[in-house]
Amino acid sequence: MSSLSDAPERILLEKSANLVVVSTDLGLRPLPGAGLRRVLLRGFGDESLGGRLTVTNRRVLFGAHAANRAAANLDIPLGELTSVDNVSAGIARMMRLAVPAGPHVFVVWGVPAVIDAIESARTSG
């Protein structure tokens, strides 16, 4: 009997998303209006990088698209996730993925479906 880790990697869900970042952490000068964006992003950051969020049976991936002023690519093995939380408030649909190195926050529509896909993959593995 083979384990899930032996199974080929397959995509469970893909969505457009924004990775919330602190501009100075990326070596960037904050854009005008950064304070307001920090409020709108609930204190998690002052900028968001658009891209594609992908959940597979092994990991969560994010790839920023070329229109951003910074590059950001994440590859988070499911086993490294310490928590997956819906941190939405008001109209902001947000999800936090915690890993030992620190959290990653995403603005994404359909947060419950994304969390369900991640949790289902984590429990299947």
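At 28% relative accessibility, Glu119 counts as partly exposed, where buried means under 20% relative accessible area, exposed means over 50%, and partly exposed lies in between (1.4 Å probe, protein chains only). The structure is a predicted model, in which local features need pLDDT of at least 70 and side-chain atom pairs count only at pLDDT 80 or more, whereas totals for chains, interfaces and linings use all residues. Residues are numbered from 1 along each chain as its sequence is written, and side-chain values use heavy atoms, with hydrogens and water left out. Helices (H or I, at least four residues) and strands (E, at least two) are DSSP runs, numbered from the N terminus.

- The strands form an open sheet of seven with the order 4-3-2-1-7-6-5 and antiparallel pairing, two strands being counted as paired if DSSP finds at least two bridges between them.
- At the edges of this sheet lie strand 4 (73-77) and strand 5 (83-86), each of which pairs on one side only.
- Neighbouring strands of the sheet are turned by 30 degrees against each other on average, direction ignored; axes here are lines fitted to C-alpha atoms, for helices over the stretch in contact, and angles run from 0 to 180 degrees between N-to-C directions.
- Helix 2 (residues 111-124) packs on the sheet, where it touches strand 1, strand 2, strand 3, strand 5 and strand 6, and its direction makes about 165 degrees with that of strand 5; contact is taken as heavy atoms within 4.5 Å.
- Strand 2 (residues 47-56) is mostly covered, with eight of its 10 residues buried.
- Strand 1 (residues 11-21) pairs with strand 2 in the antiparallel sense over 10 bridges, and Arg52 in strand 2 is the bridge partner of Ser16.
- Strand 2 also pairs in the antiparallel sense with strand 3 (residues 59-64), over five bridges, and these two strands form a hairpin with two residues between them; Leu53 has Phe62 in strand 3 as its bridge partner.
- Strand 6 (residues 94-99) and strand 7 (residues 102-107) are joined in the antiparallel sense over six bridges, with Ala98 standing opposite Pro103 in strand 7.

**Salt bridges**

- A search of the whole structure finds five salt bridges, each being a side-chain nitrogen of Lys or Arg within 4 Å of a carboxyl oxygen of Asp or Glu.
- Arg69 forms a salt bridge with Glu47, their closest N and O atoms being 2.8 Å apart.
- This pair links distant parts of the chain, since Arg69 lies in the loop between strand 3 and strand 4 and Glu47 in strand 2, 22 residues apart.
- Arg69 is partly exposed at a relative accessible area of 37%, whereas Glu47 is buried at 7%.
- Arg59 forms a salt bridge with Asp75, with 2.7 Å between the closest N and O atoms.
- Here too the pair links distant parts of the chain, with Arg59 in strand 3 and Asp75 in strand 4, 16 residues apart.
- Both partners count as partly exposed, Arg59 at 24% relative accessibility and Asp75 at 45%.
- Within helix 2, the side chains of Glu119 and Arg122 meet in a salt bridge (3.4 Å, N to O), the two residues being three apart, about one turn of the helix; Arg122 counts as partly exposed at 28% relative accessibility.
- Salt bridges that share partners also join Glu9, Arg59 and Asp75 into one network.

**Surface patch and a contact distant in sequence**

- Leu36, Val39 and Leu40 make a nonpolar surface patch of about 330 Å².
- Such patches are made of residues with over 30% relative accessible area and no salt bridge, like charges being joined within 9 Å and nonpolar side chains (Val, Leu, Ile, Met, Phe, Trp, Tyr) within 5 Å; accessible areas come from the Shrake-Rupley method with a 1.4 Å probe, and for residues only the protein chains shown count as cover.
- Val39, which lies in helix 1 (residues 34-40), is exposed, with a relative accessible area of 60%.
- Ala92 is found in the loop between strand 5 and strand 6 and is buried, with a relative accessible area of 18%.
- Ala92 and Leu40 are 52 residues apart in sequence, while their C-alpha atoms are 7.8 Å apart in space.
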